[in-house]
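Me: I'm new to looking at protein structures. Could you walk me through reading one?
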Amino acid sequence: MASGRVRILVALVGVPVGLVFLWLALRDADLSAVWDTLRAANAALVALAVAAFGVVYVLQSTRWRRIAGTPAVGIFRFAEMTVSGVAVNNVLPGRIGDFLRARWLSLAARIPAGRAFGTVVLDRAFDLVVLVGLLVVGIAAVASSQWLVELAAAGAVVVLGFGVALVLSRTYVGRRQRDRRERGLLRRLVRDTVERLAEPLGRRHLVVWLALSLGAWTMWALAALLVARSLDLELSVTDALFVTAVLNLGSAVPSSPGYVGTYEWLGVASLGLVGIDREPALAFTILLHAAWYVPTTIVGAVALGTRAVVQLRASRRGEHDGQGAPADELQA
């Protein structure tokens, strides 16, 4: 019930915020020029960008599987859960997809929900670390922008905060009595999440996870470059990395479903800092948004629908045979 109220609150805040940002992106823009720019886009390069986004999800799914350490769950299932989670985030406010990812992993791997959620937290943390790093690299291109320096500082604070959370988690686990049993679902969830975060990561694991994260976001930047080239926009590699960091860090700002408005404003603002005029910048952001948002949402929706049909058939078959399928199988 409380989570439902939170989602309603996020929607009530996010939709107006998204509309304000959309107005900021569209104001004083020549929309006919934006449309003409979009119509002239090179479809082949856009298709390559869509394929690059697919590689991003493969790398992110591989990283999450390595973090989770659940060999019984295959890479295809992790990819399905990753894309489905993003698809849910695309249409529902409040990052619901990330919580669902933890739930799906818990059921598929038969591990505590809090432990599964801990793997999602770690997975997202590596995205955050790499994106903040890319943002710092991008400062060199727009060093005169004070707001960018402040944004990078805020990102560094968030990363530092995550490090402090890891230290506190290990301290808590070290001092907590091992035979103590937490009462209540919420306390058990917190305990399992903290214990997962407190586990030693290992240098080799850190290097591999960071490499996969860097590869994923570099591929995302490549997709941005391909979209820019499809519109005959000249972006440097540094510019593309900078825009990648701003767009994806900024998507954490509460906004309307699909990040509509927030995404367009961030794209126009970041490209303006590297010398791109409003109309081509808006066309670029709209096309980049579509190249990522539409395929991901469609594929994720199909995956969710297919799994729901399979579970329904299994449930009916179990009823027909006089014995229900196990609950975790039906929901995994």
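Me: Leaving aside its neighbours within four places in sequence, which residues is F284 in contact with?
Reply: First off, keep in mind that this is a predicted model. To read packing, pick one residue and list what it touches. F284 is in contact with A224, V227, A228, L231, L233, L235, V243 and L271, once neighbours within four places in sequence are set aside.

Me: And which residues touch the most other members of the largest nonpolar core?
Reply: That core has 50 residues, and W220, L235, L271, F284 and L288 touch the most other members. At least two residues each come from α3, α4, α6, α9, α10, α11 and α12. The largest share is from α9, with 10 residues. Apart from this core lies another one of 12 residues, including A102, L105, A109 and V120.

Me: Where in the protein is confidence lowest, and where is it highest?
Reply: Look at pLDDT for that. Where pLDDT is low, the predicted coordinates should not be read in detail. The protein's mean is 79, with 70% of its residues at 70 or more. Helix α13 (residues 327-331) has the lowest confidence, at a mean of 42, while α3 has the highest, at 96. Over residues 324-332 the pLDDT is below 50, though this stretch has 20 contacts in the model beyond near neighbours in sequence.

Key
Residues are numbered from 1 along each chain as its sequence is written. This is a predicted model: local features need pLDDT of at least 70, side-chain atom pairs count only at pLDDT 80 or more; totals for chains, interfaces and linings use all residues. Side-chain values use heavy atoms; hydrogens and water are left out. A nonpolar core is a set of buried Ala, Val, Leu, Ile, Met, Phe, Trp, Tyr and Cys residues joined through side-chain atoms within 4.5 Å. Buried means under 20% relative accessible area, exposed over 50%, partly exposed in between (1.4 Å probe, protein chains only). Helices (H or I, at least four residues) and strands (E, at least two) are DSSP runs, numbered from the N terminus. Contact means heavy atoms within 4.5 Å. pLDDT is the predictor's confidence in each residue, from 0 to 100.
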